[in-house]
Amino acid sequence: MGSLEYLLAALTPLNLLLALAGVVAGTVIGALPGLTATMAVAVLVPFTFAMEPAAALIALGAIYTGAIYGGAYAAILLNTPGTPSSIATTFDGYPMARGGRGDLALTLACLSSVIGGLVGAGFLLLLAPPMATVALKFGPVEYFWLAVFGLTLIASLGEGSTVKGLIGGCVGLLLSMVGVAEVGGDVRYVGEFKALLGGVDVVSALIGLYCVPVLIELVASPGQHLDATGRVASFRLREASTLMGRAKFNLARSSVIGTIVGILPGAGGSIASLVAYSEAKRVSPRRAQFGHGEPEGVMATESANNATVGGGFIPTLVLGIPGTPPDAIILGALLVQGIRTGPTLFTEQAPVVYTFIWGLILATVIMLPVGLLIGRFAFKSIVAIPKAVLVPAVALLTVLGSFAVHNNPHEVQQMVVLGVAAWVLGRLGFSASPIVLGLILGSIAERGFVQGHLIGGARGSVVAEFLGRPISIAIIAFILLGLLWPWWVKRRQARQGQQGATTNE
Amino acid sequence: MNEPSPGRDTPGAIGSALLVGVGVAALVYSSEFSDLGAVFPLAIGGLMVAMGVLYLVFYAMGRTQRAAPAAGSNLRRAGVAVVMLAWAFALPSLGFLASSAIAFVLLLMLANHERWTLRTVLLYGATGVLVLGGLYALFKHALQVPLP
């Protein structure tokens, strides 16, 4: 059976309908703060049990890809990442929306998500077996350095002060240590609050840290939440296409980063988008605009997080190791369908696998019109809704979203307490983004460090374990490049300025 | 002693001092952990204290810049914070619908800057019922979330 036949098998009316319904359902669920892509897949997975395996996989892939994209709406329009994958989208998406370019940001997010999704699915289609072996080369030490790589972004996220950014990052890192330690089992920073034994939930914390300060600030003065600049009726497709044409290398790089990070079990869309954002900022001539509404920032994060969908399926299907949390649920659904994943899957179950991959590509393409239409509707709604209704409605979503993660009222309390604390810290000039970055990457960094330390100790050299492995060395090189590159560029510009001034004299 | 200049970041210095305290507390409590469990808390607590002190030194040297203070009503801001906190802690005892209905009305009042008319009362009231009822139905029945 050739590739064209698999494509035709994916193009049945039922599969197309499932892809459309999955993308719409995923996008809507992903857009609600607190409802993650994992939850979208988990809630809707029982509907697929009665379907044919390929059709079920197409539906689940469509839900997953739609949910990852849907997270961008709340990130851009409300400064609240709908899913953890869209954290970095808030950095430039919300400033764009505040500056009257929310519609453009949404269109860019949609186009970038489609491109990222197609690149990830393309890798899955063409290079799945060899790329899956890359995942096996990542040990605890590589995860540690990957987390450190993400943490280097903290230095640039402090509003006007690197030191303040680092302090905020430390706050997030300390928050990540609350509860029972994953390695060693120490109970840390819990005190009398037994509800904290499970640690600070990342999704609830995200909602609180990003959304509550926005709500508190929204009520302070009259006027609209977002500036629509009278162009609500337009998709701004031409403008978006021009911007994307200029940023084609950024899109390609971010999509590849997303695919590779997606392949790494447990890393996921949040790390992919942060790493892609960091790289886009490092090499961009407009790096000073990042964090203030730079379209390239939105393109980098959205292409990267959607590329993780295809990337995550690579180890899931080839090795039976889920690349991302939603992949773990999809893996379970596959087992229910009687499909055993593994290296032989692509030969023994080729019709199912290739029909699914083509279905995923179709779902990603369907996301383009669906995403643009839902994006326009969401933007018009957010602009038109009076603040008096918007504030309590969004507050209600934050409470529901943080409760729904684990059906735990204590997580609602965590969310609000962290949100109010973030607002107070914001008034003192400490931005929420470094705190979030520290919170997300802290546990990955610590787990990698402690496990690497133990393994290194057992092998006789901790230093060789951390600094002697090829992938670690490559990541360390990127870390140093990321830290030193802006300093070197600034120094070169200053020297050129001095030379120019001397020549003019 | 010189008064801080308008450009100096006094709020940032206060925040740094508070977070130095948090860092010290993190260091003190880390003595209760095992050697392996204390590595990261010690490193991060130490870094936090060092960065906080560094910022205070910058402040003393006049090398910090204060961000423009936010305009608007601080009373309304504080009101939202209090309502959200009360809502979160009342949720288990009052239940979702009762606590949310009360919080929704209070937040609506805090966020509204226009004059109240019969039309706005009816319109906002109906919207509130629709939003609350719609989201309750979505989460409780469609998504099977066991709301308190």
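**Entry 1: interface of chains A and B**

I began with the buried area between chain A and chain B in this predicted model, and it comes to about 5,300 Å². Carbon and sulfur atoms give 83% of that area. I then listed the contacts and found 60 residues of chain A touching 63 residues of chain B. The predictor assigns the complex an ipTM of 0.93 and a pTM of 0.80. For chain B I noted an average pLDDT of 89, with 95% of the residues scoring at least 70.

**Entry 2: polar pairs across the interface**

I counted two salt bridges between chain A and chain B. In one salt bridge, the side chain of B:Arg77 meets that of A:Glu217 at 2.9 Å, N to O. The search for polar contacts across the interface returned 10 residue pairs. On the side of chain A that touches chain B, the elements giving two or more residues are α8 (162–176), β2 (187–188), α9, α17 (387–406), α18 (409–427) and α19 (432–459). Of these, α17(A) gives the most, with 14 residues. Sorted by class, this side of chain A holds 47 nonpolar, six polar and seven charged residues.

**Entry 3: A:Pro222**

I located A:Pro222 in the loop between α9 (202–218) and α10 (237–246) of chain A. With a relative accessible area of 55%, A:Pro222 is exposed, because the cut-off for that class is over 50%. Leaving aside neighbours within four places in sequence, I found A:Pro222 in contact with A:Lys387 and B:His113. I also recorded its C-alpha to C-alpha distance to A:Pro46, which is 46 Å across a sequence separation of 176 residues.

**Entry 4: salt bridges over all chains**

A search of the whole structure gave me 11 salt bridges. One of them joins A:Arg469 and A:Glu142, with the closest N and O atoms 2.7 Å apart. A:Arg469 lies in the loop between α20 (462–467) and α21 (470–504), A:Glu142 in helix α7 (residues 140–151), and the two are 327 residues apart. I noted A:Arg469 as partly exposed at 23% relative accessibility, whereas A:Glu142 is buried at 1%. Both belong to a network of salt bridges that also includes A:Arg459 and A:Glu465.

I next examined A:Glu446 and A:Arg188, whose side chains meet in a salt bridge at 2.7 Å, N to O. A:Glu446 is in helix α19 and A:Arg188 in strand β2, so the pair ties together parts 258 residues apart in sequence. A:Glu446 is buried at 9% relative accessibility, and A:Arg188 is buried at 2%.

Last, I checked the salt bridge of A:Arg286 with A:Glu294, at 3.4 Å, N to O. A:Arg286 counts as partly exposed at 37%, while A:Glu294 is buried at 6%.

Key. Residues are numbered from 1 along each chain as its sequence is written. Chains are lettered from A and ligands numbered from 1 in the order in which they are written. This is a predicted model: local features need pLDDT of at least 70, side-chain atom pairs count only at pLDDT 80 or more; totals for chains, interfaces and linings use all residues. Side-chain values use heavy atoms; hydrogens and water are left out. Helices (H or I, at least four residues) and strands (E, at least two) are DSSP runs, numbered from the N terminus. Buried means under 20% relative accessible area, exposed over 50%, partly exposed in between (1.4 Å probe, protein chains only). Contact means heavy atoms within 4.5 Å. pLDDT is the predictor's confidence in each residue, from 0 to 100. Buried area is the accessible area (1.4 Å probe) that two parts lose on being put together, summed over both. A salt bridge is a side-chain nitrogen of Lys or Arg within 4 Å of a carboxyl oxygen of Asp or Glu. A polar contact is a pair of N or O atoms within 3.5 Å; within protein, one must be able to donate a hydrogen and the other to accept it, and residues adjacent in sequence count only if both atoms are side-chain atoms. Ala, Val, Leu, Ile, Met, Phe, Trp, Tyr, Cys and Pro count as nonpolar, Asp, Glu, Lys and Arg as charged, and the others, Gly among them, as polar.
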